[in-house]
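Please load the model in your viewer, colour it by chain, and keep the sequence panel open beside it. The tour below goes from one selection to the next and says what is there at each stop.

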Amino acid sequence: MNFNSNYEELFYQSLRIRMIEEKIAEIYPTDKIQSPVHLSIGQEAVAVGVCHHLKKTDLIYSSYRSHAYFLAKGGDLKAMLAELFGKYDGSGKGKAGSMHLADKSIGMMGSSAIVASTISHGVGSAFASKLLKKEQVVVTTFGDGATEEGSYHESLNLASVFSLPVIFICENNGLAIHSNESQRHAYTIHQHAASYNIKTTYIKEGYDFELIADAMYNIIQDVRENKRPHFVEIKTYRYREHVGIADDHNVPYRSQNEYETWKKMDPLILDQKMVTAFKSEISREIDAAVEFAELSPYPPASELLNDVY
Amino acid sequence: MVSIYSKPVTIKSLSYRNALLQSMSNALSQHSHVIIMGQGVDDHKGTFGSTLGLAEKYGKMRVFDIPLSEEGNTGMAVGAALNGVYPIQTHIRTDFSLLAMSQIVNMAAKYKYMYGGHFNVPMLIRLIIGRSWGQGAQHSQSLQSLFAHIPGLQVIMPSNAYSIMSSYDYAVNHYKGPVISFEHRILYDIEFNENVVYDADPFNSKKVREGSDVTIVATSIMVIEALRAADYVQKTLNLNCEIIDLHSVSHMDKKLILDSVKKTGKLFVADTSWQAYGVAAEISRLICEEDPSILKAAVVSIGMQPAPCPTTQSLEKLFYPSIYDFISKLTFLITGKTHIPDENKISEGYKKFKGPF
């Protein structure tokens, strides 16, 4: 695929993720996907912007809301959908499901359903990168809720004490399931992170993939060259419910107004010209991947006890 | 577990502590990707001497003290393992590993399976059972059953210096998954004089004494107690005990145990921990499910009393099974008669211990 500009390329990738997520939402009621899905709709630009300047050999860890990162890091859509369908050709042979997407070949090292549990993995992989002189940058992504966990604070401290090439990405959508950040935090995330003597960047335009990618370009370079951590908080907005596919703005834990405000800034909604230009090509790819997932076999019974030490 | 590993080792008089130091040093010198991380590994005490001088020799990037962040540290070890490092993590008390439980149980144990077999997490977590005088409720626990319950963990309890040398060599050089090793603090000062050449899988259970009257399955320091008890009953009552050093609590050699109990008809389990849902319960499950008819008598087990460990010596000595309990229960199982042993001395290791650390 040839693009005329960076904007076009990033737009395409973001739109592709949104359309994939929407397809998943469309299939979900059929029960063909029997794995809880935490959709990235509304947050695509963050993953695309974060991953754009990463090398294939750079590593990334994510949470249960990881579809966007898996795709943005270069993961195979067919393997992802087969995984969601519980099929043998999935990235985790069907044993992983939506919450545990990973693919070592593209440096997507794991995604976990335990909040904050992969933050320290990013720190450890960055330690290995430094010790073994691999010149990799390691990214670890998590939501604002994860910053309440002890191991988040432990990880920031460890990264700073050992001066490790890790980039912490806090995708702040302001919600932990149904509770608002203001109910949970006595601190401001990026300000507090800075107290660990880590360079921090705050981006409030989580819909702007170009701005995020540009900021990340400099951050990645600094972290790679100087072997020190960087913390990035990116404000974003979750369009759908925490887990599942519904729009739950009818429930009064958050406001319809806030949703409308974010939508008014969303390039995937605003730039319909681009949407029209790319839509059919992306649809074709998705349909082929869905077909692949449908046709893929379930893992054989012998897989039940395979891969246990 | 099937293994092609075969590395005969002959050791002449080596203490558990020196075996640890030597195995740590070997791992660091053989591989540049091995690190040791843990509280105090680089200080003047060097984890009870088991890491002494290694930071100076191999550098602070490879042998280093860590912040008191058990969960974060274990996650760091997992992440390092995923990117080519072999981490050896130490906890100077087993009890502290409870703070890292999520990383051990939710992450390390599941990493291979959960992602479809594409990842390995080779790492060694050394947990020291702090039992000695006055360590109380939170510095003395034997938590092997908690870990052995979880599929994906290899849980071992090396009972002697040889076992340390072979098991740690195997862990670092051959094994691909997370290994949880329980080192009993009291074993550290014991000298082992073995000239035995083993060629079995180092994680396997081992028969350490042939006998026909009873099968004793023991873990960690209870292997030493079992050997003492067996010596005593042989000398005084001419009874012959077969002893199996269970070693791997998670991957026990079921056939070795079944064959032995089939031969002796009697099973005595001596574990370092509480009995409920523990090692004796698991071995009893094995026998009951495979063939309960091989038992000629009810199973007997000894372990800690069902309470947190008391600190005062008057209660602590009741809390742990004594050699007196061991011998009297053992002889009753074999002969059906009461025997009052004149052996009630504490083991060599316990005598040597001078607190507090």
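**First stop: a strand in chain B**

Select S4(B), where B:Tyr86, B:Ile88 and B:Thr90 point one way while B:Pro87, B:Gln89 and B:His91 point the other way, and all of them are buried; a residue counts as buried if 20 or more other C-beta atoms, placed from the backbone, lie within 10 Å of its own, as exposed if 12 or fewer do, and as partly exposed in between. In a regular strand the side chains alternate between the two faces of the sheet. Because six of the six residues of strand S4 (residues 86-91) of chain B are buried, this strand is largely enclosed by the rest of the structure. Strands here are DSSP runs of E with at least two residues, helices are runs of H or I with at least four, and both are numbered from the N terminus.

Before going on, note that this is a predicted model, in which local features need pLDDT of at least 70 and side-chain atom pairs count only at pLDDT 80 or more, whereas totals for chains, interfaces and linings use all residues. Residues are numbered from 1 along each chain as its sequence is written, and chains are lettered from A and ligands numbered from 1 in the order in which they are written.

Strand S2 (residues 34-38) of chain B runs parallel to S4(B) and is joined to it by five bridges, with B:Pro87 as the bridge partner of B:Ile35. Strand S5 (residues 123-129) of chain B also pairs with S4(B) in the parallel sense, over four bridges, and here B:Gln89 stands opposite B:Ile125.

**Second stop: a five-strand sheet**

Select the strands S9-S11-S10-S12-S13 of chain B, which form an open sheet in that order with mixed pairing. Its edge strands, each pairing on one side only, are S9 (206-209) and S13 (300-304). Strand S12 (residues 267-274) of chain B and S13(B) run parallel and are joined by four bridges, and B:Ala270 stands opposite B:Ile302 in S13(B). Helix H13 (residues 323-335) of chain B packs on the sheet, touching S10 (214-218), S12 and S13, and its direction makes about 170° with that of S13(B); axes are lines fitted to C-alpha atoms, for helices over the stretch in contact, and angles run from 0 to 180 degrees between N-to-C directions.

Centre the view on B:Ser163, which is in helix H8 (residues 161-173) of chain B. Is B:Ser163 buried or exposed? It counts as buried because it has 26 C-beta neighbours inside 10 Å. Leaving out residues up to four places away in sequence, B:Ser163 touches B:Pro158 and B:His247, a contact being two residues whose C-beta atoms, placed from the backbone, lie within 7 Å.

**Last stop: domains and chains**

Colour chain B by domain 1 (2-192) and domain 2 (206-345), bounds that come from an automatic or database domain assignment. The C-alpha centres of these two domains of chain B lie 27 Å apart, and their contact takes 23 residues from domain 1 and 20 residues from domain 2.

Finally, show both chains: their contact takes 31 residues from chain B and 36 residues from chain A. On the side of chain B that touches chain A, the largest share, nine residues, comes from H4(B).

Definitions and conventions: Two strands pair if DSSP finds at least two bridges between them.
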